Amino acid sequence: MSQTVSNERFRKRFTTFNEIGATDRDGVNRPSLSGANQEARDTLVEWFEKATLDVTIDEMGNIFGRRAGADNALDPVLIGSHIDSQYNGGRYDGVVGVLGALEVVETLNDEDIQTERPIEVVAWSNEEGVRFQPDMLGSGVFAGEFDLEYAYARTDKEGKTFGEELERIGYKGDESCEPRDLHCYFELHVEQGPQLSERGRSVGVVEGVYGFVWMNAAFIGSADHAGPTPMHLRHDALVATSDVIESVRRITGTGGDDLVGTVGSIDVHPNSINVIPERVDFTVDFRSYDNDVVDHATEQIQREIEHAANRESVEMEYEEIMRVDAEPFDDGCIETVEQAANAVGAEYMRIVSGAGHDANYLNEICPTSMIFVPSVDGISHTEDEYTEWEDVIRGADVLLHVVLEKANMGEVEQ
Ligand code: GLV
Ligand code: MN
Ligand code: MN
């Protein structure tokens, strides 16, 4: 197979798309269901229609564009990713996978290639989980992991619900959001870590994604004057939190080779220079490819939270808000990606993803794998995120080969 995607069209679209919500430091600010996210969705739908895709929006605002196959009774090949971003995030995370998938179908259109199976391009809602937790909410409902009502009731920091905001931006669609028969799912994405660049490889054949747990926790102490209050009379919620932050770091040092842990968000109340912190809300994120390692770290940090509360004589709250188990991707799909990487002449390696992806949930309902392209210096979730354009193109070419292979397999449904 000699087809390749159009460098020029893809690059132009990537640039135009990332003008939406652009920050002045070369990043994008398009959090889920924001005005910029709405504009990005509108642009995508326009491009889907231009590519003669049949567009449907489901109840979660997931956007699908379907290209008919020779036999439309066959289950479709689904490809895509997400277009919501972190607050002041990077331009590549998610966008490469959605626009790369669109570019694949545009290339098939250019070449007049009729595939056996239908192909669907998807942009999942709320992958990032920064405005509404948990993350991967659109694909999670689609895969039957969360109820629709649970998803609609998620609130942002201002108390706005996902359901209201989805309606406000006009993307609460009619199509039901529930598992349906799919032949397979593939997601092209930037690696977001340093493995490919450190090993000098241009493609990662993704075998699976780390399991992870997200927790919300809080300490509730007493506010008081920072001057006259003697140290032994204090119940400082921030001191307890700092003990937990240190524990997270210590646990990752002993918990397993690939265990990572982060306290990424802290809200201090009243957050004043001369008031003892009364309340701190914070998060904990643990990840590993070994589910037992994540379990163990989670149990340890629960104990550490209790100990920190006792030491500082403060109240504590603790809630696990997300747990995704590591589950290897489908062997056949991994092999297809590997063959496609070979076919485009890429230097590739097999890789496990430290970042979460919609593919986690799709993997629960259909054969799945991913294609990674290198992140320069492994940087992601910041405006400095960068991938060499030739690597993006190579990744899209791999996806094109994967799709041609999978969409032309007319064999018995899974
Ligand atoms: C999703 O972006 C994640 O947290 O891995
Ligand atoms: Mn992503
Ligand atoms: Mn992300």
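## Domains and ligand site of a predicted model

Between domain 1 and domain 2, three residue pairs are in polar contact, both residues of each pair being at pLDDT 80 or more. The structure is a predicted model, and its protein chain is divided into domain 1, covering 7–209 + 327–407, and domain 2, covering 211–324. Taken over C-alpha atoms, the centres of the two domains are separated by 33 Å.

The interface can be described further. On the side of domain 1, 19 residues are in contact with ten residues of domain 2. The size of an interface is often expressed as the accessible area lost when the parts come together. Domain 1 and domain 2 bury about 970 Å² between them, and 56% of this area is on carbon and sulfur atoms. The rule finds one salt bridge across this interface. Lys157 forms a salt bridge with Asp267, with the closest N and O atoms 3.5 Å apart.

| Residue | Part of the residue | Distance from an oxygen atom of ligand 1 |
|---|---|---|
| Glu128 | N or O atom in the side chain | 3.1 Å |
| Arg287 | N or O atom in the side chain | 2.8 Å |
| Gly356 | polar backbone atom | 2.6 Å |

On its own, ligand 1 has 200 Å² of accessible area, of which the protein covers 94%.

Definitions and conventions. Residues numbered from 1 in each chain as written. Chains lettered and ligands numbered in written order. Predicted model: local features only at pLDDT ≥ 70, side-chain atom pairs only at ≥ 80, totals over all residues. Heavy atoms only, no water. Polar contact = N/O pair within 3.5 Å; in protein donor to acceptor, adjacent residues only side chain to side chain. Areas by Shrake-Rupley, 256 points an atom, 1.4 Å probe, with all protein chains shown as cover. Domains from an automatic or database assignment. Contact = heavy atoms within 4.5 Å. Buried area = accessible area lost by both parts, 1.4 Å probe. Salt bridge = Lys/Arg side-chain N within 4 Å of Asp/Glu carboxyl O.
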